[in-house]
Amino acid sequence: DLPRGRALARSFLVGMDNLYAVNQRVCILRPTAIEARFLSYYSNRNPQLLAYDDGSNQTHLTNYAFKTLRLLLPPNDEQVEIADYLDGFCETITSKVSMLTREVELLNEYRIRLISDVVTGKLDVRDATATLPEVDIVAEIDVTDESDFDLDAHPDELNEAEEEIEA
């Protein structure tokens, strides 16, 4: 368990059996009558399991904690539908995070190159700033407008919106 419970009650779905070794403080849940992906999403950072963390001591989730875990189970077809939706939503988020991470990396490379060019004299800041337009950047970005964010949007809708922006 990492400090402040960051690893407590984490769930990871493993698609293949008999290929992994498990040591102490790790529990294997093998679903038989429940959609495995649904169980993984449901149990990941589950509030009932997180309640065992007192914030200061090493937390141990016992077998009893898992045996008494209350599960609200919709019919199997709904479990599949929910898991499919969450898979798509998580994939969209992962894709966006990857894209933004790459953009940050490129901006950092550009920053380093720009500093290097200024320090070595390859770029005269006075000449470069003379060609920049006068723009009030803060006025152009409205971070308080949440109307563009539809938290209930299906991942396919998010992808369609992204394609519209790119077009």
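R45 is partly exposed, with a relative accessible area of 32%, where partly exposed denotes the range between buried (under 20% relative accessible area) and exposed (over 50%), computed with a 1.4 Å probe and with protein chains only. The structure is a predicted model, in which local features need pLDDT of at least 70 and side-chain atom pairs count only at pLDDT 80 or more, whereas totals for chains, interfaces and linings use all residues. Residues are numbered from 1 along each chain as its sequence is written, and side-chain values use heavy atoms, with hydrogens and water left out.

R45 lies in the loop between helix 1 and helix 2, helices being DSSP runs of H or I with at least four residues and strands runs of E with at least two, numbered from the N terminus. The phi angle of R45 is positive, near 55°, in a residue other than glycine.

The chain contains 7 helices and 0 strands, and its elements, read from the N terminus, follow the order α-α-α-α-α-α-α. Of its 167 residues, 14% count as buried. Among the contacts with a separation of 6 or more, 69% are accounted for by residues 24 or more positions apart, a contact being defined by heavy atoms within 4.5 Å. The accessible surface of the chain comes to about 13900 Å², of which carbon and sulfur atoms hold 55%; such areas come from the Shrake-Rupley method with a 1.4 Å probe, and for residues only the protein chains shown count as cover.

Helix 1 spans residues 36-43, and R37, F38, L39, S40 and S43 are buried within it. The buried residues of this helix pack against helix 2 (47-50) and helix 4 (76-119). S11, which is located in the segment before helix 1, counts as buried because its relative accessibility is 17%. The side chains of S11 and S40 are joined by a polar contact of 3.1 Å, a term that denotes a pair of N or O atoms within 3.5 Å, of which, within protein, one must be able to donate a hydrogen and the other to accept it, residues adjacent in sequence counting only if both atoms are side-chain atoms. When residues up to four places away in sequence are not counted, S11 touches S40, S43 and N44.

V14 is likewise placed in the segment before helix 1, and is partly exposed, with a relative accessible area of 42%.
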